Amino acid sequence: PEGANPAIKVAPLADRLLIFISTLEHEVLPTYQPRYALTTWLFNRRDTALESLTEDLRQRKVAGKLNIKALLAALEDDSGSEEDAQPAEKNSAKDGGGAGTSDAAGS
């Protein structure tokens with residue numbers, strides 16, 4: 001694609017370790033010698049919570065139970081200062097609530 005970085009070819013030398021972010025577009029070519037690969041995933045709480053919230057909203061939409069007006073109103077009410085948000089986060093941790101479980105997205 002135009003403006004994309006040019007491809008980088010990495011020679012398969014013995015004892016070479018190549019580390020990169022898996023979302024980087026890449027291609028692994030066939031080999032005729034034994035080789036090893038190690039894959040690991042790192043998660044952070046914010047991204048995991050956002051994925052969970054997104055999936056919950058998707059399922060509610062599919063089921064016809066997503067109330068967009070109520071969700072937007074709840075987001076507008078919650079858009080206070082950073083100081084206001086911190087106590088709410090502490091309370092939601094106690095009762096298992098939070099943005100992902102708010103009933104505002106329901107009907």
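Start at Ile8, which lies in the segment before α1 (45-62). Helices here are DSSP runs of H or I with at least four residues, strands are E runs of at least two, and both are numbered from the N terminus. Residues are numbered from 1 along each chain as its sequence is written. This is a predicted model, in which local features need pLDDT of at least 70, side-chain atom pairs count only at pLDDT 80 or more, and totals for chains, interfaces and linings use all residues; side-chain values use heavy atoms, without hydrogens or water.

**Select Ile8, Val10, Leu18, Phe20, Ile21 and Leu24.** Together they form a nonpolar surface patch with about 630 Å² of accessible area. Areas come from the Shrake-Rupley method with a 1.4 Å probe; for residues, only the protein chains shown count as cover. Patch members have over 30% relative accessible area and no salt bridge; nonpolar side chains (Val, Leu, Ile, Met, Phe, Trp, Tyr) are joined within 5 Å, like charges within 9 Å. Ile8 itself is exposed, at 73%. Exposed means over 50% relative accessible area, buried under 20%, partly exposed in between (1.4 Å probe, protein chains only).

**Zoom out.** The chain has 3 helices and 0 strands. Of its 107 residues, 7% are buried.

**Select α1.** Look for salt bridges: a Lys or Arg side-chain nitrogen within 4 Å of an Asp or Glu carboxyl oxygen. The whole structure has 3.

- Arg46 and Asp47 pair at 3.3 Å, N to O. Arg46 is exposed at 59%; Asp47 is partly exposed at 33%.
- Arg58 and Glu55 pair at 2.7 Å. They sit 3 residues apart in α1, about one turn of the helix.
- Arg60 and Asp56 pair at 3.2 Å. They are 4 residues apart in α1. Arg60 is buried, at 18% relative accessibility, while Asp56 is partly exposed at 22%.

**Move to Asn67.** This residue caps the N-terminal end of α2, with a side-chain oxygen 3.3 Å from the backbone nitrogen of Lys69. Now select α2 itself (residues 68-77). The helix is hardly covered: of its 10 residues, the buried count is 1.

Colour by pLDDT, the predictor's confidence in each residue, from 0 to 100. The chain average is 75, and 73% of the residues score at least 70.

How values were computed: Polar contact = N/O pair within 3.5 Å; in protein donor to acceptor, adjacent residues only side chain to side chain.
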